[in-house]
Amino acid sequence: MTAEALAYVRLAAPDGRGAERWDLDPDRPRLTVGRSGESDVSLPDDEEVSRIHAVIEFVGGHWTLLDDGLSRNGTYLNGDRITGRRRLRPGDSVRVGGTVLIFQEFGAAEDDATMVAGTVPDVRSVTQTQRSVLIALCRPFKHGSSFANPASNQQIADELFLTVDTVKTHLRTLFGKFGVEDLPQNRKRVALAERALQLGVVTGHDL
């Protein structure tokens, strides 16, 4: 048994501690994730998760994430929607519906895990006000519509009792944190909203 096989997935939590965890064992090489009570990782309260949404599977000496296209809302690895099978690495963020799981290896060096995880924005990466701006920005996506437009600066300002200039300042910071600052101006807001939702910084429950 390799050190790489000694792994687990856990629910993302603001401080990374006290979250529910599922150990991964090559002797039980398949872990199903879904809303069904029969899933190994059962998420019955997340209505955005399909009954059988994704599978974490030990293949060729590595843990992998599989989405065979049956999930309604897709599976996201570090913010990117996947099709088929992708290898998992320490610190990887897996989003299904409004739920985020973190993959980790017991044998991984703490510095390596921190470095990998650190490249992915999470709730620890933003201030409370920045997260409120993100939630307001994403609110038009409440019903899962891929054709929705993010809230305008004025709408965000009105909801949070901020000035439009303050909202713009927070958004500029968030564009940088989420790696979308170099996109064309007309794409930044949509990309920011999509990444915030994909990474679980904003969930369906927040909206």
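Predicted model: local features only at pLDDT ≥ 70, side-chain atom pairs only at ≥ 80, totals over all residues.
Residues are numbered from 1 along each chain as its sequence is written, and side-chain values use heavy atoms, with hydrogens and water left out.

Strands β5 (residues 54–59) and β6 (residues 62–67) run antiparallel to one another and share five bridges. Strands here are DSSP runs of E with at least two residues, helices are runs of H or I with at least four residues, and both are numbered from the N terminus. Two strands count as paired if DSSP finds at least two bridges between them. The β5–β6 hairpin has two residues between its strands, and Gly60 takes a positive phi near 60° there.

Five of the six residues in β6 are buried, so this strand is mostly covered. Buried means under 20% relative accessible area, exposed means over 50%, and partly exposed is what falls in between (1.4 Å probe, protein chains only).

## The sheet around it

Zooming out, β5 and β6 belong to an open sheet of five strands, in the order β4-β3-β5-β6-β9 and with mixed pairing. Its edges are β4 (41–42) and β9 (84–87), each of which pairs on one side only. On the β9 side, β6 joins its neighbour through four bridges in an antiparallel arrangement, and Leu65 stands opposite Arg86 of β9.

The structure holds one aromatic pair. Its members are Phe58 and Trp63, with ring centres 4.9 Å apart and planes at 50°, so the pair counts as tilted. For the record, rings of Phe, Tyr and Trp (its six-membered ring) pair if their centres lie within 6.5 Å; planes under 30 degrees apart are stacked, over 60 edge-to-face, and the rest tilted. How exposed or buried is Trp63? Trp63 is buried, at 1% relative accessibility, while Phe58 is partly exposed with a relative accessible area of 21%.

## β1 and its two partners

Strand β1 (residues 7–11) has four of its five residues buried, so it is largely enclosed by the rest of the structure. Four bridges tie β1 to β2 (residues 21–24) in the antiparallel sense, with Ala7 opposite Leu24 of β2. β1 also pairs antiparallel with β11 (residues 99–105), this time over five bridges, and Arg10 faces Ile102 of β11.

## A buried glycine in a loop

Gly74 belongs to the loop between β6 and β7 (75–77). With a relative accessible area of 3%, Gly74 is buried. What does Gly74 touch, leaving out residues up to four places away in sequence? Its contacts (heavy atoms within 4.5 Å) are His53, Asp67, Arg81 and Arg95. Arg95 is 21 residues from Gly74 along the chain, and their C-alpha atoms are separated by 8.7 Å.

## Two nonpolar cores

A nonpolar core here is a set of buried Ala, Val, Leu, Ile, Met, Phe, Trp, Tyr and Cys residues joined through side-chain atoms within 4.5 Å. The largest has 27 residues, and those with the most contacts inside it are Leu134, Leu171, Leu174, Phe178, Leu192 and Val202. The top contributor is α2, with six residues.

Leu134 touches Val126, Leu174, Phe178, Leu192, Ala196, Val201 and Val202, not counting residues up to four places away in sequence. Apart from this core lies another, of 20 residues, which include Val9, Trp22, Val41 and Ile56.

## Helix α4, side by side

Now for α4, where Val167, His170, Leu171, Leu174 and Phe175 are buried. They cover an arc of only 145° around the axis, which puts them on the same side of α4; the arc is that of the directions from the helix axis to the C-beta atoms. The cover over these buried residues includes α2, α3 and α5. On the face turned away from the buried side, Asp165 and Arg172 are exposed.

The length of α4 checks out too: at 1.5 Å a residue, its 14 residues should span 20 Å, and its end C-alpha atoms are 20 Å apart, which agrees. The expected span is 1.5 Å times one less than the number of residues. Just after α4, Gly179 takes a positive phi of about 70°.
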